[in-house]
Amino acid sequence: MPEVAATSRYIAADLAGRVPVTIGVTGHRSLLPGDEAAIQAQLRALFARIRREAPHSPMILLSALAEGADRLVARFALGEGIGLIVVLPMRQENYEVDFPDAKSRDEFRALLRDPRVERVIVAPRLDPSADESGPGRDHQYLLAGLFVARNSDVLIALWDGKPTRGVGGSAQIVDFRRTGRLEATEENCRAVALASDSFHVSNAPLDAPQSGLVYHVPVRRLDDVPSSASPQGEWLVPPAFDTSPKMRERFVHNALATLRHRDELNHEGVEYRELRGGRVAASATMLTGGEETPSARDAQAPAALAHLRATFAIADALAIKHQKSIYRMMLILFGMIAVATIALILRNLANEEVRREYLAVYLLLLTLADLFYLRTQWKHSQDRFQDYRAIAEGLRVQFFWRLGGSASSVADYYLRKQRSELRWIRDVLRICALRAPWLAAADFASVQRLWVKQQRAYFDRAGHRDGLKRRRQRSIGSALVLLSLGATVAWLWQRGSGPVVFLVIAGLAGLVLLAHTLYELHHAAGEAESPTRQSLREMLSLGALSVAVAAAFYWLLAKEGPIISAYEPALALNSSRLEWMLAAIGISALIGTFAHAYANVRAFGEHEKQYRRMKELFQAADEALDRAAKSADPEDSTRALFDLGCEALAEHGDWLLLHRARPMELPTADI
């Protein structure tokens, strides 16, 4: 295991699954003591604004605990009830060499031992010369500063606003945060590029820059000229948005808006846990197959992965909740629109004096359907379902990467090109990975049993399930549409009299209808999971049942319609068999069309294909892990799990973007 990070402790104080707002700090070591009160006033104003934007979210400060700015902000944050994650540029004993006296070292150690410190992360050593003063040591400070900037929602800069005086200085870190690019010498860039996993900084030209907010508090150093001016905080934004005060404030507003998405997740998660704690617990249990201790080899695993598991449980339970809500709403909408359209068809059969009543029913049902649709859109149920599912699937991969000993962060490989509306998802995943330390001993057997094999079995079941649903919907819809066409052909043929062209059209349509029916039967048999007698019998039985039900419905309307009018005079329907036949044809075609439309909206076909691809992927990974288990090199298992995670993330990213491009809409029918 490379020296990527070292975790000294992990305090699982909040297992409610909430995702915190992360605040980083960079700044000078030498500050004027008289400015401390004014600086704290600016910090208090910043924390107050963040709490207004995200009132239900905890906060965590990222700090290297260097002298001056780092410790000043850390002490103030702890006093405000904010947790702390310490990011050290090097190991503690080597880092303390840079502190000038015993008092400074004692202060550093006291902050490090504070029980509110969640993690202590140590940057990987890039050069053996980092133990001594020189470029190697400067690179360590640069690496730690870049890590803090990349993992912060807001970066606090206690900075005098002047150009940097050396490598890893505040000016360089602020510039990186504003532009998303590291402006440094070729030597410095090469050194930083050696860092792996979560400390790796990509400077690839095709990657969108990961820029963000900087809250700049101007400060004075000890060697500055005295001034009576008090520091006033200001927002620093990427240069492209720094063209005017209005543009600057707009960027700040939009950037802080991403915190609101996270806060909604936290707020809704806490409420749902209180109301439906059993469902949240079921999601947590599902992640690890019912095992409380996911790793038998590393005693640290239950505590280290507790936050990941808790947040996954919340995201998964909320995704299921919104998914069920959407599917119920779809059924309601399709039902209302179908009944409304049937009322419009029956209007043509009604007597003149009651046609207004049928139109009123039609209009009322359409209005109610529109209200239900607007309610769903107002609650953003579809977006929340997709976003929460994306978070849950990302956390699933992150959980098992950690259990497999990987230090990689899912946020570096998931939705990399989506930096706008979906950025908040990556931010959530990044923070969850930041809070979950990697384990000392990888447990590949548990990962294979709890993730690979379980997901393989799940995708196999899900593919069969959605395939069956798609075939059922297709069979029912096709049967109804074909029967309506058949009724039309029969009616034209029976009428007999009149131009011969009607008989020609009826005969031609009958032949095409027969060919289409044979095609549907052949298509259904070919799509069955296995071409066995049982699967063929199942599809033929379903088709025959659909035709029988549709024929009974047709007979009831077309043949017995006048009798219905006699028994129910309140309907005020005409007794003409011709008009009842036309109604039967229209209604059966309408229901068949809606059955096809519902199957398309639910995307049973796309889901079936995706599930089968994922089953094949996890099957290949399962076989690869079996081969790797016989190898003496654990890197074989690590590579297999990493590749599997990346492929799973890419597949789910495609699913998310597909459904984003297909929002739920009101169903329509052509009359």
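Here are some worked exercises on the predicted model above.

Some ground rules: residues are numbered from 1 along each chain as its sequence is written. Since this is a prediction, local features need pLDDT of at least 70 and side-chain atom pairs count only at pLDDT 80 or more, while totals for chains, interfaces and linings use all residues; side-chain values use heavy atoms, with hydrogens and water left out.

**Exercise 1. Find which residues the salt bridge of R435 ties together, and where they sit.**

Step 1. Get the criterion: a salt bridge is a side-chain nitrogen of Lys or Arg within 4 Å of a carboxyl oxygen of Asp or Glu. The structure holds 29 of them.

Step 2. Check the pair: R435 meets E118 at 2.6 Å, N to O.

Step 3. R435 is in helix α14 (residues 423-435) and E118 in strand β4 (residues 117-122), so the bridge ties parts 317 residues apart in sequence. Helices (H or I, at least four residues) and strands (E, at least two) are DSSP runs, numbered from the N terminus.

Step 4. Ask about burial, where buried means under 20% relative accessible area, exposed over 50%, and partly exposed in between (1.4 Å probe, protein chains only). R435 is buried at 6%, and E118 is buried at 10%.

**Exercise 2. Work out which network D427 belongs to.**

Step 1. Start with its partner: D427 bridges to R430, the closest N and O atoms being 3.3 Å apart.

Step 2. Look at the spacing. D427 and R430 are three residues apart in helix α14, so about one helical turn separates them.

Step 3. Check accessibility: D427 is buried at 5%, and R430 is buried at 7%.

Step 4. Follow the shared partners: salt bridges join D153, R262, R423, D427 and R430 into one network.

**Exercise 3. Describe how helices α8 and α13 pack.**

Step 1. Read them off. For α8 (residues 245-275) and α13 (residues 381-403), the angle is about 90 degrees and the axes are 12 Å apart. Axes are lines fitted to C-alpha atoms, for helices over the stretch in contact, and angles run from 0 to 180 degrees between N-to-C directions.

Step 2. Classify: α8 and α13 are roughly perpendicular, a label covering 65 to 115 degrees.

Step 3. List who touches: E264, L265 and E268 of α8 meet R384, Y388 and I391 of α13, with contact meaning heavy atoms within 4.5 Å.

Note on methods:
Angles under 35 degrees count as roughly parallel, over 145 as roughly antiparallel, 65 to 115 as roughly perpendicular and the rest as oblique.
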